Amino acid sequence: DIWGWTDTDSNREFAIIGLALGTAFVEITDPYIPVYLGALPTSGDPSWGGTDWRDVKTYNNYALVVSEIPDHGMQIFDLTTLLTA
């Protein structure tokens with residue numbers, strides 16, 4: 001899954017990208033020069049089975065990440081930390 005978030009104070013834009021072993025964050029304020037900011041490692045143990053599927057949604061300044069990986073649960077990431085990355 002790919003989702004996005006815009007900081008309303010600075011108008012900076014970010015892509016939130018589901019990966020096989022986590023979630024990546026990329027600043028896309030200038031779409032011609034994307035900047036990889038880092039990744040949130042997966043929760044749970046992907047070696048137990050399941051898939052590398054992720055679903056990401058945002059609520060206010062938080063990214064909510066879920067997966068079918070056993071014991072993954074929901075990860076909650078404060079997106080305002082990207083502003084100082």
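1. Lysine 57 and aspartate 1 pair through their side chains in a salt bridge, 3.6 Å from N to O. Lysine 57 sits in strand β5 and aspartate 1 in the segment before β1 (2–6), so this contact ties together parts 56 residues apart in sequence. A salt bridge here is a side-chain nitrogen of Lys or Arg within 4 Å of a carboxyl oxygen of Asp or Glu. Strands (E, at least two residues) and helices (H or I, at least four) are DSSP runs, numbered from the N terminus.

2. The model is predicted: local features need pLDDT of at least 70, side-chain atom pairs count only at pLDDT 80 or more, and totals for chains, interfaces and linings use all residues. Numbering runs from 1 along each chain as its sequence is written, and side-chain values use heavy atoms, with hydrogens and water left out.

3. The structure holds three salt bridges. Lysine 57 also forms one with aspartate 55, where the closest N and O atoms are 3.0 Å apart. Lysine 57 is partly exposed, at 32% relative accessible area. Aspartate 1 is partly exposed at 34%, and aspartate 55 counts as partly exposed at 25%. The classes are: buried under 20% relative accessible area, exposed over 50%, partly exposed in between (1.4 Å probe, protein chains only).

4. Lysine 57 has a ring contact too. This residue lies over the face of tryptophan 3, at 4.3 Å from the ring centre. The criterion is NZ of Lys or CZ of Arg within 6 Å of the ring centre and within 35 degrees of the ring normal.

5. Arginine 12 and glutamate 27 form a salt bridge, with the closest N and O atoms 2.8 Å apart. Arginine 12 lies in the loop between β1 and β2 (13–19) and glutamate 27 in strand β3, so the pair ties together parts 15 residues apart in sequence. Glutamate 27 is buried, at 13% relative accessibility. The two side chains are also joined by a polar contact of 2.8 Å. A polar contact is a pair of N or O atoms within 3.5 Å; within protein, one must be able to donate a hydrogen and the other to accept it, and residues adjacent in sequence count only if both atoms are side-chain atoms.

6. Threonine 42 is in the loop between β4 and β5 (54–59). The residue is buried, with a relative accessible area of 17%. Its side chain makes a polar contact of 2.9 Å with the side chain of arginine 54.

7. Two aromatic pairs turn up in a search of the whole structure. Phenylalanine 25 and phenylalanine 77 form a stacked one, at 4.4 Å centre to centre and 20° between the planes. The pair links distant parts of the chain: strand β3 (residues 22–27) and strand β7 (residues 74–78), with the two phenylalanines 52 residues apart. Both phenylalanine 25 and phenylalanine 77 are buried. Pairing needs ring centres (Phe, Tyr, or the six-membered ring of Trp) within 6.5 Å; planes under 30 degrees apart are stacked, over 60 edge-to-face, the rest tilted.

8. Tyr32, Ile33 and Val35 make a nonpolar surface patch of about 380 Å². Patch members have over 30% relative accessible area and no salt bridge; nonpolar side chains are joined within 5 Å, like charges within 9 Å. Areas come from the Shrake-Rupley method with a 1.4 Å probe. Valine 35 belongs to strand β4 (residues 35–41). Valine 35 is partly exposed, at 38%.
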